[in-house]
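Me: I would like a close look at one part of this protein. Keep it brisk, please.
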Amino acid sequence: MSDPRPPADEPRRRPEGEPRREREVIVTDGGRRGGGGGAIAAVLAVVVLLVILFFLFNSGLFSGGDGDGGGDTTVEAPEVEVPDEVEVDVDDGEG
């Protein structure tokens, strides 16, 4: 019994009426290198985080301290006249 396939160094002949098929794949990338958008976004996120931390540390948020905060929160209360006695009519619920 012989092998019906031709040897590897001989081209295969296609039967009459069979369409010719190409098995070559060409991959092109347009000559550009892509994928830099993720790196730019990561660098930008790190810069924004550093700027936020800079402002937080300079504002004294993480300074610990005595809890005073350094701000004056005293507010003057307005003068309001309040009556000495207040009469309240309470109903007992009976009747």
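Which residues form a nonpolar patch on the surface, and what is their accessible area together?

Reply: This is a predicted model, so local features need pLDDT of at least 70, side-chain atom pairs count only at pLDDT 80 or more, and totals for chains, interfaces and linings use all residues. Residues are numbered from 1 along each chain as its sequence is written, and side-chain values use heavy atoms, with hydrogens and water left out.

The patch consists of Val 43, Val 47, Val 51, Phe 54 and Phe 55. Together they have about 490 Å² of accessible area (Shrake-Rupley method, 1.4 Å probe; for residues, only the protein chains shown count as cover). Patch residues have over 30% relative accessible area and no salt bridge, and nonpolar side chains are joined within 5 Å, like charges within 9 Å. A salt bridge means a side-chain nitrogen of Lys or Arg within 4 Å of a carboxyl oxygen of Asp or Glu.

Take Phe 55. Its place is in helix α1, residues 37-58. Helices are DSSP runs of H or I with at least four residues, and strands are runs of E with at least two, numbered from the N terminus. The protein chain has 1 helix and 0 strands. α1 has 22 residues and reaches 32 Å from first C-alpha to last, close to the 32 Å expected (1.5 Å times one less than the number of residues). Just after α1, Gly 60 takes a positive phi of about 90°.

Phe 55 is exposed, at 54% relative accessible area (exposed is over 50%, buried under 20%, partly exposed in between; 1.4 Å probe, protein chains only). Of the chain's 95 residues, 0% count as buried.

The whole structure holds 1 aromatic pair. The rings of Phe 54 and Phe 55 have centres 5.7 Å apart and planes at 70°, so the pair is edge-to-face. Rings of Phe, Tyr and Trp (its six-membered ring) pair with centres within 6.5 Å; planes under 30 degrees apart are stacked, over 60 edge-to-face, the rest tilted.
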